[in-house]
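Please keep the sequence and the model in view while reading.

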Amino acid sequence: MALPHLDDYFPDWKRREEKAEAMIPIIGKLYRKNVVTYCYGRALYNQSVTDIMRTHRFVRQVAKNELSEDESYPLLCALSELDLGPSHIDVGKLTVKYMELQENGHPVPSEREYAADECSEVIGRHIKPLSKPQDIVLYGFGRIGRLLTRLLVEKTGGGDQLRLRAIVVRPGNDGDLEKRASLLRRDSVHGAFKGTIRVDNENQCIIANGNQNNLF
């Protein structure tokens with residue numbers, strides 16, 4: 001991909017920003033169908049516009065290739081039109097491979113044809129990883145427990161796989177629920193929790209992205 005002329009950097013940024021904004025509802029729609037999208041190993045779901053743009057820039061470091069949202073967006077749209085079963089799909093790698101086909105002079109199919117061929121194994125394959133949702137109980141809410149909580153909440157998907165339902169903790173004092181929620185909201189290494197957290201004191205639970213986690 002050719003770099004823009006100096007005077008074109010801002011319009012180029014705004015165009016890419018617009019594409020990244022348009023990607024978010026598509027990524028979310030796929031995620032609710034248990035189709036999890038990545039860009040060179042970095043998750044695209046639950047990301048902000050800026051996060052998605054940073055991830056595209058990251059490709060330059062690992063693939064030695066420029067990747068623009070202008071190039072990945074059409075392929076993401078093509079994926080959303082397919083009857084995909086539960087799967088993990090690296091949109092970044094698929095897009096770079098498609099770009100290489102174009103550059104090497106090979107006959108190039110449309111984005112939809114290419115996506116359908118690359119994902120043929122999961123098209124129409126609606127076999128869930130688990131026969132029914134599996135409830136998970138964590139013992140402890142220290143540093144490791146909070147990191148596991150984040151991971152399980154992030155991977156809830158459509159809600160029919162692993163679901164964190166309860167956390168066993170030591171008996172605490174008044175206000176401990178709020179303190180634990182605050183620790184979950186922000187980690188000194190991993191940063192802010194991506195989503196919403198609220199406390200239900202009456203039912204002694206923390207609700208993270210709609211996941212009700214009772215503390216016992």
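**Helix packing and selected residues**

The axes of H3 and helix H5 (residues 111–118) cross at roughly 60° and come within 9 Å. This is a predicted model, in which local features need pLDDT of at least 70, side-chain atom pairs count only at pLDDT 80 or more, and totals for chains, interfaces and linings use all residues. Residues are numbered from 1 along each chain as its sequence is written, and side-chain values use heavy atoms, with hydrogens and water left out.

Q: Are H3 and H5 parallel or oblique to each other?
A: Axes are lines fitted to C-alpha atoms, for helices over the stretch in contact, and angles run from 0 to 180 degrees between N-to-C directions. Angles under 35 degrees count as roughly parallel, over 145 as roughly antiparallel, 65 to 115 as roughly perpendicular and the rest as oblique. The H3 and H5 axes cross at roughly 60°. The two helices, H3 and H5, are therefore oblique.

Q: Is the crossing of H3 and H5 left-handed or right-handed?
A: A crossing is left-handed if the near helix is turned anticlockwise from the far one by less than a right angle, and right-handed if clockwise. By this rule, the crossing of H3 and H5 is right-handed.

Q: Which backbone oxygen does the side chain of Ser80 reach?
A: Ser80 is found in helix H3 (residues 69–80); helices (H or I, at least four residues) and strands (E, at least two) are DSSP runs, numbered from the N terminus. Ser80 touches Ile26 and Leu30, not counting residues up to four places away in sequence. At 2.6 Å, the side chain of Ser80 reaches the backbone oxygen of Cys77.

Q: Is Ser80 buried or exposed?
A: Buried means under 20% relative accessible area, exposed over 50%, and partly exposed in between (1.4 Å probe, protein chains only). Ser80 has a relative accessible area of 19%, so this residue is buried.

Q: How are H6 and H7 oriented to each other?
A: Helix H6 (residues 143–154) and helix H7 (residues 176–185) pack with their axes 10 Å apart, at an angle of about 65°. That angle makes H6, relative to H7, roughly perpendicular.

Q: How many residues of the contact of H6 with H7 are charged?
A: The crossing of H6 and H7 is right-handed. Arg146, Thr149 and Arg150 in H6 meet Leu183, Leu184 and Arg185 in H7. Within the contact of H6 with H7 there are 2 nonpolar residues and 1 polar, and the charged ones number 3.

Q: With which side chain does that of Asp187 form a polar contact of 2.7 Å?
A: Asp187 has its place in strand S6 (residues 186–187), and this residue is buried because its relative accessible area is 7%. A polar contact is a pair of N or O atoms within 3.5 Å; within protein, one must be able to donate a hydrogen and the other to accept it, and residues adjacent in sequence count only if both atoms are side-chain atoms. The side chain of Asp187 also reaches the backbone nitrogen of Val189 at 2.9 Å. The polar contact of 2.7 Å joins the side chain of Asp187 to that of Arg143.

Q: What is the phi of Asn34?
A: Asn34 has its place in the loop between helix H1 (9–32) and strand S1 (35–39). With a relative accessible area of 7%, Asn34 is buried. Its phi is positive in a residue other than glycine, with a value near 65°.

Q: What percentage of the residues of the protein chain count as buried?
A: The protein chain has 7 helices and 10 strands. Of its 216 residues, the percentage that count as buried is 43%.

Key: Contact = heavy atoms within 4.5 Å. Nonpolar A, V, L, I, M, F, W, Y, C, P; charged D, E, K, R; others polar.
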